[in-house]
Amino acid sequence: MLSLAPKTSSNIAASAKAQSLIANNQYTTIAAWTLAIARALAVMGIEPKTIFNQVGLNLEMLEAKPDSRVEIAQMTQLWQCAMQATDSVDFGLTVGRYAYPLHFHFLGPLLLSCNTLAEAFELLPAYSALVSNGGNIQLQRSPQRLGFTITPLNGVEISELAIDAFFSSLMQHGKQMLGHNQFVCKVELMRTDHKLKSLWQDYFGCEVVMNAATNCMWMDRVMLEQTTVTKNPQQAKYSEAAVRQYLQGMQALTWRQKTSQGIHVMLLEQEPTAQSIAKMYNVSERSLSRYLQQEGTSFRALLKLKRQELACHYLLNTNVVINELANILGYSCLSNFSRSFTAWLGVSPSQFRLQNLANKP
């Protein structure tokens with residue numbers, strides 16, 4: 001056990017406050033993913049209830065309410081336990097085969113009822129929070145290809161198996177609509193184990209790049225534009241209304257949470273402003289301010305909280321130097337960052353990092 005700094009009441013209070021801040025940002029995923037995991041485990045001859053009990057999840061309750069929410073931290077534990085039980089590093093790819101669209105609370109039926117697969121994939125980023133709000137999902141476009149990227153938010157631990165399952169389910173969904181999976185051209189993964197590359201290449205049937213900058217599945221635009229046999233305009237209209245209603249009921253999509261998520265995505269690339277976040281959600285800055293006021297907060301308060309959350313994440317989980325961290329979080333100088341951090345937690349950034357090193361084995 002390292003002994004770098006003594007435990008004091010102020011040290012303990014600072015750590016508790018930091019952990020509380022991180023925990024209060026409720027990043028969740030739809031429970032339908034847990035059912036896909038359970039089906040995959042059962043097919044492999046493993047009793048899923050045992051695995052679920054290990055992480056404190058009640059499989060019967062989840063089966064009764066597949067549109068309920070599960071905390072991403074708990075999902076990450078479930079993925080880890082499932083991988084250990086199956087001794088299968090590509091377990092996520094298997095799970096993708098059992099992520100049936102009909103279980104994703106009208107999002108699946110909405111995608112299946114689109115005219116083309118391209119139309120379906122264009123819709124998905126706008127409604128991705130229904131599936132999970134712990135990652136940033138975007139589309140990349142080129143004349144020949146459409147790229148589907150998913151990047152975990154900094155400070156939110158998402159299992160690599162969850163990324164595998166997501167891409168696998170997209171491919172299976174496309175296969176259901178087109179009758180083949182030849183539309184997948186290339187898969188890029190942030191994972192670093194090159195020894196596993198052949199497993200992914202065999203599964204997707206295309207080039208796979210490991211240690212990539214992003215997680216991205218590239219698809220042929222011409223094939224995606226082919227009309228599908230599953231299109232149903234009336235079903236699409238009904239399903240979209242149902243998805244919107246579900247999202248409105250999600251706690252993560254209150255204006256407080258949407259603004260916090262938008263700040264999180266934007267903060268590491270540029271200085272977030274109320275105007276830029278309002279534009280992200282297609283509302284006026286005045287409307288955003290009014291919505292946040294109705295929920296008892298403000299853009300400035302949420303920006304401050306998000307800086308605090310990310311500061312704790314970097315200090316606890318990375319070796320980034322504190323001077324660089326101040327720049328990452330948008331502070332004009334190190335002294336301003338140190339002053340703000342100390343005012344919040346009662347200890348300096350360096351003291352906070354040191355005390356938590358002391359508590360690690």
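1. Buried means under 20% relative accessible area, exposed means over 50%, and partly exposed lies in between (1.4 Å probe, protein chains only). Helices (H or I, at least four residues) and strands (E, at least two) are DSSP runs, numbered from the N terminus. On those terms, strand β7 (residues 216–220) is mostly covered, with four of its five residues buried.

2. A word on the basis. This is a predicted model, in which local features need pLDDT of at least 70 and side-chain atom pairs count only at pLDDT 80 or more, while totals for chains, interfaces and linings use all residues. Residues are numbered from 1 along each chain as its sequence is written, and side-chain values use heavy atoms, leaving out hydrogens and water.

3. What does β7 pair with? Two strands pair if DSSP finds at least two bridges between them. Strand β4 (residues 145–152) runs antiparallel to β7, joined by five bridges. Phe 148 has Met 217 in β7 as its bridge partner. Strand β5 (residues 184–188) also pairs with β7 in the antiparallel sense, over four bridges. Here Trp 218 in β7 stands opposite Lys 186.

4. Next, helix α17 (residues 299–317). Its 19 residues reach 27 Å from first C-alpha to last. That is close to the expected 27 Å at 1.5 Å a residue; the expected span is 1.5 Å times one less than the number of residues. Of the 19 residues of α17, 14 are buried, so the helix is largely enclosed by the rest of the structure.

5. Now the aromatics. Rings of Phe, Tyr and Trp (its six-membered ring) pair if their centres lie within 6.5 Å; planes under 30 degrees apart count as stacked, over 60 as edge-to-face and the rest as tilted. By this rule there are nine aromatic pairs. In one, the ring centres of Tyr 331 and Phe 337 are 5.2 Å apart and the planes sit at 50°, so the pair is tilted. Tyr 331 and Phe 337 are both buried.

6. Phe 341 and Trp 344 make an edge-to-face pair, 5.7 Å centre to centre with 85° between the planes. Both lie in helix α19 (residues 334–345), three residues apart, about one turn of the helix. Phe 341 counts as buried at 3% relative accessibility. Trp 344 is buried too, at 13%.

7. Which residues do the ring pairs link into a cluster? They are Tyr 331, Phe 337, Phe 341, Trp 344 and Phe 352. Arg 307 lies over the face of Tyr 331, 5.4 Å from the ring centre. A charge sits over a ring if NZ of Lys or CZ of Arg is within 6 Å of the ring centre and within 35 degrees of the ring normal.
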